[in-house]
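This report looks at some annotated positions and at the surroundings of a ligand. Please keep the sequence and the structure in view while reading.

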Amino acid sequence: ALEGILRGRRVVITAGPTREPLDPVRYLSNHSSGKMGYALAEAARDAGARVVLVSGPVSLAPPAGVEVRPVVTAEDMLGATLAAVDEGCDLFVATAAVADYRPQNRAGDKIKKSSETLTVSLVRNPDILATVAARPGAPFTVGFAAETRDVARYATDKMARKNLRMIVANDVSVPGLGFNSDRNAVTVFWPGGQAQIGPDSKQAIATRLVALISEQMDKSA
Ligand code: PMT
């Protein structure tokens, strides 16, 4: 069904978690496995696109025929994403679970155990999705939204605020779906429409998503 629908298109996808170092041996991160983003990269490849996958640290094999660019921190992910977008990009999809904050200071040596409590100051990370969407000549930009409540409202707010063409909302409060599982269920929103996909395998969801995205790209062309 995906046969050629993204032929000739250049696609950049972010996937996985980021890691924000506290010291040489510790970091802040989250439970993203990268599975959703990797499945989407494979579906876009199968649809005929040239795909660059900017990936945080995951334990998945690099998909054949997809260019994987590994990164660690949110700042690395921003740099690699902007570089990939600048090389030419028709479609950007942000599936990564980027850490919103990073430790203000990265200790040069391992933090030693001393007092009973330890306070860590965090600073905001750049928003990769909003940065790409706000650039002149931005690609068709699709975001994900991981929410635990009021999924539709928060997701459509995010779409408007970040200037996105579509948003894929994930209710991550449902056990067995979303973060670090093989299955997912999402609601996709775009100006004037919405679609429910799943529960299903992340591969099946990725296939439907690529079909929906390509349809909306053609409409806005
Ligand atoms: O990796 P898996 O285990 O397969 O799990 C998939 C998933 C649940 C991680 C994925 O489906 C998902 O929902 N990804 C988005 C997770 C997220 O961080 O959502 P958010 O609502 O915090 O962010 C909103 C959007 O902004 C996302 O597209 C995110 O990639 C992007 N973002 C957020 C913060 C930031 N600093 N930069 C960003 O680009």
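## Contacts of P126

In this predicted model, P126 touches A74, E75, L78 and T131, when residues up to four places away in sequence are not counted. The loop that holds P126 runs between strand 8 (122–124) and helix 3 (128–134). P126 counts as partly exposed because 15 other C-beta atoms lie within 10 Å, whereas a buried residue would need 20 or more.

## Annotated positions

P126 belongs to a list that comes from an unreviewed UniProt entry, where the label "binding site" is given to D100, K110, P126, D127, I128, L129, F144, K158 and K162. These positions cover 63 residues of sequence and are spread in space as well, with up to 37.9 Å between C-alpha atoms.

## Around the ligand

There are 27 residues around the ligand, and those that come nearest are S33, M36, A94, I128 and L129. Helix 1 (35–46), helix 3 and strand 9 (140–147) are the elements that each give two or more residues to this shell, and strand 9 gives the most, with four residues.

By residue type, the shell around the ligand divides into 13 nonpolar, 11 polar and three charged residues.

Technical notes:
Residues numbered from 1 in each chain as written. Predicted model: local features only at pLDDT ≥ 70, side-chain atom pairs only at ≥ 80, totals over all residues. UniProt positions renumbered as here; feature names shortened; annotations may be inferred. Buried ≥ 20, exposed ≤ 12 C-beta atoms within 10 Å, placed from the backbone. Contact = placed C-beta atoms within 7 Å. Near = placed C-beta within 6 Å. Nonpolar A, V, L, I, M, F, W, Y, C, P; charged D, E, K, R; others polar.
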